[in-house]
Amino acid sequence: MFITAAAPRDPELESFRQEIRAFCKAEIGPELQKIIDAGQHIPKDMHDAWLKALGRKGWLTGHWAKEHGGLGWTAEQSAVFRDETDGAGAPWLTPFGVTMVGPVIYTFGTPEQKERHLPGIRNNDVWWCQGYSEPGSGSDLASLKTRAVRDGDHYVVNGQKIWTTLAHWADWIFCLVRTDPDAKKQQGISFLLIDMKTPGITVRPLITLDLGHHLNEVFFEDVRVPVENLIGEENKGWDYAKFLLAHERVGVAEIGKFNRYLSQLRKLLDDTREGGRPLSQDPAFRRRIVELETRLSTLKAMHADALAQGTPGLISAAALKIRGSELQQAILQTMTDVLGRHGLAYQADALMAGWNGELVGPQESAGILAEHLHRRAATIYGGSSEIQRNIIAKGALGL
Amino acid sequence: MPAFDAEERKLIHDSATEFFADRYGPERSLALTRDAGPDGFGRAEWKSYAELGWLGLMLPEAAGGSEGGLTEAAILFAAAGGQLAAEPLIPCLVLGAGAVTALGTEAQQGALDGVAEGEKILGFLHYEPGSGYARDHVETIARPTAGGYALTGDKAFSLGAHAADLLAVSARIGGPDGPVGLFLVPGDAAGLHRVPAPAMDGRRGAAASLDGVQVAADALLGGTTDDRLAAIDRLIDRASLATCADMLGAMTRAAEITTDYLKTREQFGQKLASFQVLQHRLVDMRICCEETRAAIHAALNAEDAGAPDAALMAWRAKTVTAQGARFVGGQGVQLHGGMGMTDDLGIGHYYKRLSVGEAMFGDADWHLDRIAAGAPAGETARAAPEPVGA
């Protein structure tokens, strides 16, 4: 496709943007702001309070259709919303309920399932997590082995999930489980909703490079799950998972964060001196900043084009994921390069709210280095860069 | 004539490689660096290094050393880096002891006593909050006093500085325009406040502030107020080259670990190592290791021969090493997938070690700028008052 037309700027979108910006400013209290500025881990109660405040405005599920209790936002409005909250450094819009399992439930769930689960997702009364990956099934997700065996009115689940983000906070987990071991890979999989309080579930922390606890392993030992928690039909779970992964891939870019990173980088360059002069005067760093800004501007344009297509095509979704994660790492690497001037001390303890030890180097360095280390996974999670390239190669180029 | 012949070098290589492979590795490194105690490295290991003669490799005979070159030490550092050894070998041997050896008067050489035996650890504080990677920017002042000098200023985070019994500290003598000297300051000197912290890879160090730290006149290395910036620059080049050797060890292991992992990990019914795109990635990682080794060899040869291009070759080596480390470390994590992100697996620790190594003494871009700019920094000698009553 050659040039068609770029999506024009929409003035109404601009006032929507201002509204969200004002809300963030008013709603993020001084205590939370302090934690955000220091790049510290946001405690669950503060995170929860923020998501509930969004829930009260209906914004948490603004992107849902009105018939499901949403506000029927356009894709552009949803993008602006994420842009602004991410840009304000607000707590993460955990996608597991509102963007992942919610749409699966309202698309494929029974009326009872909708009534039971959708309200808790809309107002964040219930924290969800995602049970997809397994130790032997990463990029090759369909090879998953966690078994669910029908026993009367229950499924009995045995197996292990891995990389389960925030499982230690979650009330419920949605899982892909194998219900027919004899069927071909994708065809014996079912989609189950499981209450994390069910006996037989064990959550074990997985500490990552930044020394933070974001991820977990979740073990299932004879976990009895009522059959009414099955989504759709047995052995059709892969279809629902594919529907959901398509949602995830457009969403992982977190472009709003990148503006924030860039202003952090500018401040860091102002505050860091080399030979007594601020690094912001260094021509090489000025060039790097300009290059990063240009890449970000282009990424936003790609994103706008993808949204204008309605359903983003295979190439745009995969390319956005690749370029977005690469840019994220490039900005964070540049910040790390600046912090190299301070000896690359990393006080991970300083990321705990209330820490009052003695800091080495710039105040924001622990937060930045934690993000740098944590986002080494950006080119791995949500379909690695290699897998995204396979998607384009196979799906779009016919290779 | 090199101090050691090829066979002796091979002996160091073999015994060091074996020692670190047997006694060290990511798990041991983790246990030591995460220990709640003040060291964050192995005192027992340090003792072993002494017994094996490694701490004296570069020291003068008078200090119980074997007068080897940087090459011999680099063989040791590469083996140590390959298993993520956490001990402050480079700050102590190349910088601290290197400063005393290069600049110390005959009497000051006594500061080396106990180093080869592992009884004393030396350190080095030069970079400052305002210096960045620039090696000629010193704001710390050594004010002459009745008995010597009083040092005041701030020093940036530096590996190993937390544990040093004796530190070589740079300061401008007399005032902000004075010549830069290196002073020997005991770790427990009054007015020296060290803030210990881990680096990104867990190895420990400290930032420091000096508030009127009193030292005697004979604490000034070399005994005269000549400007020492050029000597400091050379010392840091040597430490930078030593760091390249450490990184080469880490890089090589990271590439090996990743290759081994891809040979065992299966996805889509086949070994990951069977995918050509990943094979080529592994090959590129290996090529990085090969060219890094070559660049380091060339720089070590120039350094130990005292060749006129020794500094230039060290800058090139650091550039090549840092660029190679970024690729190998990054791809090491990437090709491990989610597993590469865990604190449990070794590869992430190699990534972090390589990141810290990249930043130490100037990264690739800084070194390229330096080469482009030409002349070594800090050639300008400045006049300074003699210490009062010296």
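## A buried phenylalanine in chain B

B:Phe361 has 27 C-beta neighbours inside 10 Å, and so counts as buried. In this predicted model, B:Phe361 sits in the loop that links α9 and α10 of chain B. Its backbone is worth a look too: phi of B:Phe361 is near 65 degrees, a positive value in a residue other than glycine. For context, most residues other than glycine have a negative phi.

## An asparagine in chain A

You will find A:Asn124 in the loop between α6 (111-122) and β1 (128-131) of chain A. With 23 other C-beta atoms within 10 Å, A:Asn124 is buried.

## Where the chains meet

The contact between the chains draws 38 residues from chain A and 35 residues from chain B. On the chain B side, the elements giving two or more residues are β3 (148-159), β6 (192-198), β7 (204-216), α8 (310-336), α9 (346-359) and α10 (364-373). The largest share, 6 residues, comes from α9(B). By residue type, this side of chain B divides into 16 nonpolar, 13 polar and 6 charged residues.

## Two helices packed in chain A

Two packed helices are described by the angle between their axes and the distance between the axes. For α8 (residues 255-271) and α9 (residues 283-308) of chain A, the angle is about 170 degrees and the axes are 11 Å apart. An angle over 145 degrees counts as roughly antiparallel, which means that α8(A) is roughly antiparallel to α9(A).

From α8(A), the contact includes A:Ile255, A:Phe258 and A:Leu262, and among the residues they and their neighbours in the contact meet in α9(A) are A:Phe285, A:Ile289 and A:Leu292. The residues of this contact divide into 10 nonpolar, 1 polar and 3 charged.

Helix α3 (residues 43-51) of chain B has three buried residues, B:Glu45, B:Trp46 and B:Tyr49. They lie on the same side of α3(B), because they cover an arc of only 100 degrees around the axis. The face turned away from that buried side carries the exposed residues B:Ala44 and B:Glu51. Just after α3(B) comes B:Gly53, with a positive phi of about 85 degrees.

In chain A, helix α12 (residues 385-396) has 12 residues, which should span 16 Å at 1.5 Å a residue; its end C-alpha atoms are 16 Å apart, in agreement. A:Gly398 follows α12(A) and has a positive phi, near 65 degrees.

Note on methods. Residues numbered from 1 in each chain as written. Chains lettered and ligands numbered in written order. Predicted model: local features only at pLDDT ≥ 70, side-chain atom pairs only at ≥ 80, totals over all residues. Contact = placed C-beta atoms within 7 Å. Helix = DSSP H or I, 4+ residues; strand = E, 2+ residues; numbered from the N terminus. Nonpolar A, V, L, I, M, F, W, Y, C, P; charged D, E, K, R; others polar. Buried ≥ 20, exposed ≤ 12 C-beta atoms within 10 Å, placed from the backbone. Arc of directions from axis to C-beta. Expected span 1.5 Å × (residues − 1). Axes fitted to C-alpha atoms, helices over the stretch in contact; angles between N-to-C directions. Parallel < 35°, antiparallel > 145°, perpendicular 65-115°, else oblique.
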